[in-house]
Amino acid sequence: MTPQFISHRRVEFSDTDMAGIIHFSSYYRYMEEAEHAFFRSLGLSIMLKQPDGKVIGWPRVSAQCTFEAPARFEDMLEIRVFVERKGVKSLTIRYEFWRDSARIAHGRMKTACCLCGHDVPLVSIPIPSEIESRIQECPTESPATHVDS
């Protein structure tokens, strides 16, 4: 399936553990960076300031990542982004990490569209039409059925 967006990221030394392998937490940061770049590619931002000073943001509801093969310092990774589900108030985005022709990891984050402000609780809201109209669903195959070539 064709991804909706592709980001590239080189594994930096600070992203690795003592064995020189990418630290698991780096994948979550890479997913978030790819999400931000995807939103920018649509002319959006993950933090849209409103006239009343509140911000429409996307806090995480859940995040997970499955590791299939190690990545190391200086590896160039391709991060493929798919919007698996667009709900009324949330997005579920799937990420696949590729090094050359091998998928090395895959993950998923669910985010909720919320009004955010200082010293006020988060309030989930329906995704505004100007955002909703730019984001399309692109369901992917499940990781269990994926076969590397």
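Two strands pair if DSSP finds at least two bridges between them, where strands (E, at least two residues) and helices (H or I, at least four residues) are DSSP runs numbered from the N terminus. The model shown in these views is predicted, and local features are given only where pLDDT is at least 70 and side-chain atom pairs only at pLDDT 80 or more, while totals for chains, interfaces and linings use all residues. Residues are numbered from 1 along each chain as its sequence is written, and side-chain values use heavy atoms, with hydrogens and water left out.

Strand E6 covers residues 90-99, and nine of its ten residues are buried (under 20% relative accessible area, with exposed meaning over 50% and partly exposed in between, for a 1.4 Å probe and protein chains only), so E6 is largely enclosed by the rest of the structure. With strand E5 (residues 76-86), E6 pairs in the antiparallel sense over eight bridges; a hairpin of three residues joins the two strands, and Val81 stands opposite Tyr95. Ten bridges join E6 to strand E7 (residues 102-112), again antiparallel, with Ser90 opposite Ala112 and Arg94 bridged to Arg108. The hairpin between E6 and E7 has two residues between the strands, and Asp100 in this turn has a positive phi of about 55°.

Five strands, in the order E1-E5-E6-E7-E4, form an open sheet with antiparallel pairing. Strand E1 (5-10) and E4 stand at the edges with a single partner strand each, so one side of each is left without a neighbour in the sheet. Neighbouring strands are turned by 20° against each other on average, direction ignored, the axes being lines fitted to C-alpha atoms (for helices over the stretch in contact) and angles running from 0 to 180 degrees between N-to-C directions. Helix H1 packs on this sheet and touches E1, E4, E5, E6 and E7 (contact means heavy atoms within 4.5 Å), and the direction of H1 makes about 120° with that of E4.

Rings of Phe, Tyr and Trp (its six-membered ring) pair if their centres lie within 6.5 Å, and planes under 30 degrees apart count as stacked, over 60 as edge-to-face and the rest as tilted. By this rule there are seven aromatic pairs. One of them joins Tyr27 and Phe67, a tilted pair at 5.2 Å centre to centre with 45° between the planes. Tyr27 lies in helix H1 (residues 24-41) and Phe67 in strand E4 (residues 60-67), so the pair ties together parts that are 40 residues apart in sequence. Tyr27 is buried at 2% relative accessible area, whereas Phe67, at 41%, is partly exposed. Phe39 and Trp58 form an edge-to-face pair, 5.6 Å centre to centre with 70° between the planes. This pair links Phe39 in helix H1 to Trp58 in the loop between strand E3 (55-57) and E4, 19 residues apart.

Phe39 and Trp58 are both buried, and together with Phe5 and Phe38 they form one aromatic cluster.
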